[in-house]
Amino acid sequence: YNNRLFAFSDKTMFRVDGFNMTIETEYPGMGIRNAKAVCSMDGGLYIANKNGVFIYGGGKVKKISMTIDDKWSELWSNFPNCNIDLAIFIWITPRN
């Protein structure tokens, strides 16, 4: 994403300089359980984990799931071992 390599552990996201293979920045709390919890689209890197849904762009991480936090916390507490997959839906409006 954006000429950088992103690597994930279950607890941390790492922004890596792909030329020097050095870690530029660590983002604690942004780890994922599987590769389907991340996708790149519309100029952003979207990440879903037990802490919510986030967008990374411009070197910053922003939480975008605040409006669903109560349900998110309830869901995660009921299913703590589940994997989170991001599903991207594209709506196509037929032309007349």
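**Notebook: aromatic pairs, sheet and core**

I began with Tyr27, which is buried at a relative accessible area of 12%. The model is a predicted one, and I read it as such.

**Entry 1: aromatic pairs**

How many aromatic pairs does a search of the whole structure find? I noted two.

I took Phe6 and Tyr56 to begin with. Their rings are edge-to-face, 5.0 Å centre to centre, with 65 degrees between the planes. I then looked up where the partners sit. Phe6 is in strand β1 (residues 5–8) and Tyr56 is in strand β6 (residues 52–57). They are 50 residues apart, so I logged this pair as a link between distant parts of the chain.

Are Phe6 and Tyr56 buried or exposed? Phe6 is buried, with a relative accessible area of 14%. Tyr56 is buried too, at 3% relative accessibility.

Next I turned to Tyr27 and Tyr56. This pair is also edge-to-face, at 5.7 Å centre to centre and 80 degrees between the planes. Tyr27 lies in strand β3 (residues 22–28) and Tyr56 in β6, so the pair ties together parts that are 29 residues apart in sequence.

Tyr56 is in both pairs. I therefore wrote down Phe6, Tyr27 and Tyr56 as one aromatic cluster.

**Entry 2: the sheet around β6**

Which strands form it, and in what order? I read four strands in the order β4-β5-β6-β7, in an open sheet with antiparallel pairing.

I checked the edges. β4 (38–41) and β7 (60–63) stand there, each with a single partner strand, so one side of each has no neighbour in the sheet. From one strand to the next, the twist averages 25 degrees.

Then I looked at β6 against β7. The two strands run antiparallel and are joined by four bridges. I wanted the bridge partner of Tyr56 in β7, and found Val61.

**Entry 3: the nonpolar core**

Which residues make up the largest nonpolar core? I counted eleven residues in all. Phe6, Tyr27 and Tyr56 are among them. I also listed Met13, Met30, Ile32, Ala37, Val38, Leu45, Ile47 and Phe54. β5 (44–49) and β6 each supply at least two residues of this core.

I kept Tyr56 as my reference point.

Key: Residues are numbered from 1 along each chain as its sequence is written. This is a predicted model: local features need pLDDT of at least 70, side-chain atom pairs count only at pLDDT 80 or more; totals for chains, interfaces and linings use all residues. Side-chain values use heavy atoms; hydrogens and water are left out. Rings of Phe, Tyr and Trp (its six-membered ring) pair if their centres lie within 6.5 Å; planes under 30 degrees apart count as stacked, over 60 as edge-to-face and the rest as tilted. Buried means under 20% relative accessible area, exposed over 50%, partly exposed in between (1.4 Å probe, protein chains only). Two strands pair if DSSP finds at least two bridges between them. Axes are lines fitted to C-alpha atoms, for helices over the stretch in contact, and angles run from 0 to 180 degrees between N-to-C directions. A nonpolar core is a set of buried Ala, Val, Leu, Ile, Met, Phe, Trp, Tyr and Cys residues joined through side-chain atoms within 4.5 Å.
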